[in-house]
Amino acid sequence: MPLSYSSTVVLQTRLPAMRRLLLWMVLLLTCSRPLHASSWNELPLLFGQGGNRQQITLQTRQLDVERVEIFSPLYGVDQNPTAGHWQVNPTVPSGITVQPKAKQGGFHWIQARQERGSSVIVASTVHYFSEPAPSPRTMLQQPKAELEIIPMPLPREFARYRAGEEWSFLLRFRQQPLTNAIVHFHSEQEIQKRLSSDGNGMVRIRFPEKFSLPESHNGAPSAKPTSGRHDRLPLIRFALLAEHVADGREYQTTFSQSYAPDPYFDKSLASGAGFALLGMLCATPLLRRPKPVPARP
Amino acid sequence: MNSPFWNLGRLRRTVQILLLLLTVYGGLLVGPYLADKLSTAFPSLSCIYDQQNSAYCVLRPLQHQLNHRVGESIARLGEVTLEAFRPLLFTFLSFFAFFIVLNKAFCGWVCPLGTVQEMLYRLGRRLGLVAHALVPPRLYQLRAGKWLLLFLLVFLLPLLAGLGMIPGIAGDPYCQICPARLITTLLTASTEEMAVSTQGGLAFAFAAIRNLLFGFTLVAALTVRQPFCRICPMLALHAIFRRFSLLQLVKTPHDNCGHCSLCTRACPMDIPEISGKDPQRAFSEDCTLCGRCAEFCPNDQVISLRFGPMTLFASSKHYFSHRSRTEKPDGTPRLCTEREKPGNQPP
Ligand code: SF4
Ligand code: SF4
Ligand code: SF4
């Protein structure tokens with residue numbers, strides 16, 4: 001398994017010798033099978049299946065979900081702790097339905113959790129409800145799970161992740177940045193990348209340039225444009241996956257979203273420049289000086 | 001306001017440049033999210049398509065809400081409900097929170113597209129290009145254009161798109177053709193709004209019109225003052241509310257009014273009413289509250305900019321004599337000739 005530098009440091013410095021030995025044995029056993037998913041279909045995921053201004057329906061995959069938690073932009077802002085954080089029933093066959101509370105819109109962080117023995121898996125995603133709301137900055141900064149991949153920042157309300165663009169994410173464990181740790185990028189079109197966090201725990205990902213139109217992929221449906229997004233762009237799902245071992249427990253987390261084609265998809269910049277030039281040409285007669293009126297004899 | 005260096009024109013230019021920087025790049029300071037913005041119903045063309053802007057222009061939420069809230073709600077419920085108009089009401093209220101203070105000065109002092117057009121016109125004067133003034137009846141014909149764009153593209157078509165009577169792509173038709181979308185994004189070195197759809201249809205037509213308007217405005221602004229402002233729907237929206245603001249343009253006619261017309265020549269919108277004798281008509285629907293008419297009126301206290309009971313700036317003989325030494329009313333800079341240099345004037 002890919003053992004990160006920082007998890008090795010924890011093992012070497014903080015634990016008493018006997019426990020360390022035991023842990024090394026557990027780790028060696030788990031090393032015999034890769035902990036990280038090797039393909040898109042093996043990833044533990046929580047993903048939106050379309051929605052509207054009032055609600056979103058989500059599905060989980062490769063997860064036996066115990067709880068689904070919602071964090072609204074009021075999380076960490078409002079004094080009332082239930083205003084910004086609540087749970088929904090994870091066992092609805094038609095999908096998990098999430099609605100904002102009391103017409104409170106904005107970015108909502110949604111995460112599904114599974115705990116089995118020493119393994120803790122958290123799959124997370126973000127959905128935007130188009131009603132006025134505070135900035136999601138505080139909500140993103142607040143701890144929501146042990147191991148987290150936090151978008152820094154999220155694409156703003158009318159934007160998206162797009163092919164070819166570079167975006168940053170913070171990898172942290174128990175609120176501390178995880179430095180030099182491995183993060184895996186997977187797209188539903190089986191594009192994979194192995195990335196590493198820097199000295200501040202930041203992971204920079206450049207979304208793949210190549211964008212072929214997504215089809216329904218092995219049961220995981222392609223992302224659909226959801227509320228506030230009526231640009232009808234094709235979208236490709238992606239997920240970031242990180243793992244960490246501490247105190248004898250294995251933590252795995254995914255953050256999934258979708259990305260759109262690059263801004264020039266189905267568009268021509270040259271034609272645009274041509275029309276702009278034509279507009280300029282149409283205005284050039286204005287630059288001519290009017291002929292002087294001949295003086296009367 | 002009459003020091004050798006500062007005058008109202010210079011002050012306005014400084015404010016315009018600072019606010020152009022703020023509206024186009026201010027998102028880098030205030031933050032990227034909607035809640036970070038100074039306003040989400042800003043009374044000038046601070047474009048939502050600019051990823052780094054600090055405020056969102058009001059025309060976008062107006063179209064969006066008429067389409068997705070009002071139109072779609074009527075189509076779904078089969079009746080008009082008050083709830084459908086709630087977001088629209090909030091948009092107007094937040095627009096008004098700013099507008100009540102600065103009125104149409106959001107055009108003359110704040111709008112990035114207005115500033116770019118003014119800069120281009122100044123460049124045209126420096127290059128010695130011909131200057132065209134728009135005069136009636138063509139001026140009056142053009143005035144109708146902004147009302148047409150406001151009612152058709154900002155109000156009617158988005159509503160019809162929400163009702164499902166026209167294609168969804170026509171749900172924000174003014175934003176589709178708005179040249180500010182191109183100018184502000186190009187200022188952030190992004191060319192993506194210039195790209196035209198290769199799929200044909202309405203998306204192609206809208207983008208083609210946007211680029212044509214953009215190109216035309218750029219060149220026309222070298223020789224005609226504020227060419228796009230003449231048909232800008234924001235100017236029409238301001239005109240509806242212009243009497244409900246603290247900042248006003250006030251005129252007390254003088255005997256010379258109706259004859260000298262210096263103020264109309266100074267006016268970037270070529271407004272003939274400002275030089276007339278009727279004080280009620282002086283604050284025209286086309287005014288951008290730039291204050292140039294007050295700067296170039298050679299008579300005391302005839303034209304003034306007032307904030308409530310306070311006079312912020314008033315025309316005066318003294319100010320005019322200084323101001324007109326450096327610039328002609330039509331904006332052409334006056335180069336100090338040998339004869340005009342201090343000490344060389346005839347006795
Ligand atoms: S495209 Fe024009 S009208 Fe639309 S948000 Fe941008 S500046 Fe405002
Ligand atoms: S009228 Fe001119 S200055 Fe006013 S909003 Fe429109 S483009 Fe800007
Ligand atoms: S009337 Fe005066 S304040 Fe209004 S636009 Fe013309 S010059 Fe500016």
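Reader: Where in chain B does Pro137(B) lie?
Author: In this predicted model, Pro137(B) sits in the loop between H6 and helix H7 (138-162) of chain B.

Reader: What makes the bond between Pro136(B) and Pro137(B) worth a mention?
Author: That peptide bond is cis, with omega about 5 degrees. Most peptide bonds are trans. Chain A has a cis bond too: Met152(A) and Pro153(A) are joined with omega about -5 degrees. Pro153(A) belongs to the loop between strand E8 (147-151) and strand E9 (161-162) of chain A.

Reader: Happy to move on to phi. What is the phi of Leu289(B), and is this residue buried or exposed?
Author: Phi is positive, about 50 degrees, although Leu289(B) is not a glycine. Most residues other than glycine have a negative phi. Leu289(B) has 1% relative accessibility; the cut-off for buried is under 20%, so Leu289(B) counts as buried. Leu289(B) is in the loop between helix H13 (279-282) and helix H14 (292-295) of chain B, and Leu289(B) is also one of the residues around ligand 3.

Reader: Why is Arg174(A) called partly exposed?
Author: Its relative accessible area is 41%. Buried needs under 20% and exposed over 50%, so Arg174(A), at 41%, is partly exposed. Phi of Arg174(A) is near 45 degrees, a positive value in a residue other than glycine, and Arg174(A) is found in the loop between strand E10 (166-173) and strand E11 (176-177) of chain A.

Reader: Now the ligands. How many residues of each class are in the shell around ligand 2?
Author: Eight are nonpolar, one is polar and none is charged. The residues around ligand 2 include Leu45(B), Cys107(B), Gly114(B) and Met234(B).

Reader: How do you know how confident the predictor is in chain A?
Author: The mean pLDDT of chain A is 83, and 79% of its residues reach 70 or more.

Conventions: Residues numbered from 1 in each chain as written. Chains lettered and ligands numbered in written order. Predicted model: local features only at pLDDT ≥ 70, side-chain atom pairs only at ≥ 80, totals over all residues. Heavy atoms only, no water. Near = heavy atom within 4 Å. Nonpolar A, V, L, I, M, F, W, Y, C, P; charged D, E, K, R; others polar. pLDDT = per-residue confidence, 0-100. Helix = DSSP H or I, 4+ residues; strand = E, 2+ residues; numbered from the N terminus. Buried < 20%, exposed > 50% of the residue type's maximum accessible area, 1.4 Å probe, protein only.
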